[in-house]
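User: I would like to learn how to read a protein model. Could you take me through one, feature by feature?

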Amino acid sequence: MAMTIEDKLGLNRFNVDNSYAHIHIKENCPDQKLVERLIMACPAKLYRQREDGSVEFSYEGCLECGTCRVLTHDRIVESWNHPMGGMGVAFRKG
Ligand code: SF4
């Protein structure tokens with residue numbers, strides 16, 4: 001039976017670096033359409049919008065695809081770096 005994308009993503013392992021967040025964001029963005037596009041675009045679903053309209057983000061579980069950086073650079077994503085060596089995602093099935 002073919003594996004779904006969710007099945008494959010579930011096999012990934014994460015070495016979370018609790019002392020270093022590799023992505024920093026600006027929580028307040030006046031462009032609501034951009035916020036919605038970002039929430040839709042992150043394949044790991046790490047962005048959410050709070051009731052007050054601010055953006056909530058957690059770097060744990062990041063797939064390091066760079067989509068959020070390209071889509072919102074300097075508007076929501078303030079800085080984007082790879083995790084330190086040996087940390088972050090370890091892909092098991094692509
Ligand atoms: S790099 Fe990719 S997976 Fe990580 S937060 Fe940005 S869009 Fe989501």
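**Reading the model**

Analyst: Setting aside residues up to four places away in sequence, A90 touches N12 and R13; contact here means heavy atoms within 4.5 Å. This is a predicted model, in which local features need pLDDT of at least 70, side-chain atom pairs count only at pLDDT 80 or more, and totals for chains, interfaces and linings use all residues. Residues are numbered from 1 along each chain as its sequence is written, and side-chain values use heavy atoms, with hydrogens and water left out.

User: In which element does A90 lie, and how many residues along the chain separate A90 from F14?

Analyst: Helices (H or I, at least four residues) and strands (E, at least two) are DSSP runs, numbered from the N terminus. A90 lies in strand 6, residues 88-90. A90 and F14 are 76 residues apart along the chain, yet their C-alpha atoms are separated by 6.0 Å.

User: Is N12 buried or exposed?

Analyst: Buried means under 20% relative accessible area, exposed over 50%, and partly exposed in between, with a 1.4 Å probe and protein chains only. N12 is buried, at 6% relative accessible area, whereas A90 is partly exposed at 30%. N12 sits in the loop between helix 1 (5-10) and strand 1 (13-15).

User: What does N12 touch?

Analyst: Not counting residues up to four places away in sequence, the list is L63, V89, A90, F91, R92 and K93. There is also a polar contact, which is a pair of N or O atoms within 3.5 Å; within protein, one must be able to donate a hydrogen and the other to accept it, and residues adjacent in sequence count only if both atoms are side-chain atoms. The side chain of N12 reaches the backbone nitrogen of R92 at 3.2 Å.

User: Why do the buried residues of helix 2 line one face?

Analyst: An α-helix has 3.6 residues a turn, so residues three or four places apart point the same way. In helix 2 (residues 32-41), the buried residues are L34, V35 and L38. Seen down the helix axis, they fall within an arc of 100°, so they line one face of helix 2; the arc is that of the directions from the axis to the C-beta atoms. Exposed K33 and M40 are on the face turned away from the buried side. The cover over the buried residues includes strand 3 (47-49), strand 4 (55-57) and helix 3 (67-72).

User: How many residues has the largest nonpolar core?

Analyst: In soluble globular proteins, nonpolar side chains tend to be buried together. A nonpolar core is a set of buried Ala, Val, Leu, Ile, Met, Phe, Trp, Tyr and Cys residues joined through side-chain atoms within 4.5 Å. The largest one has 17 residues, and those with the most contacts inside it include I23, Y47 and V77. Helix 2 gives the most to this core, with three residues. Leaving aside neighbours within four places in sequence, V77 is in contact with residues including I23, I25, Y47 and C68.

User: How many helices and strands does the protein chain have?

Analyst: There are three helices and six strands, running α-β-β-α-β-β-α-β-β from the N terminus on. Of the 94 residues, 30% count as buried.
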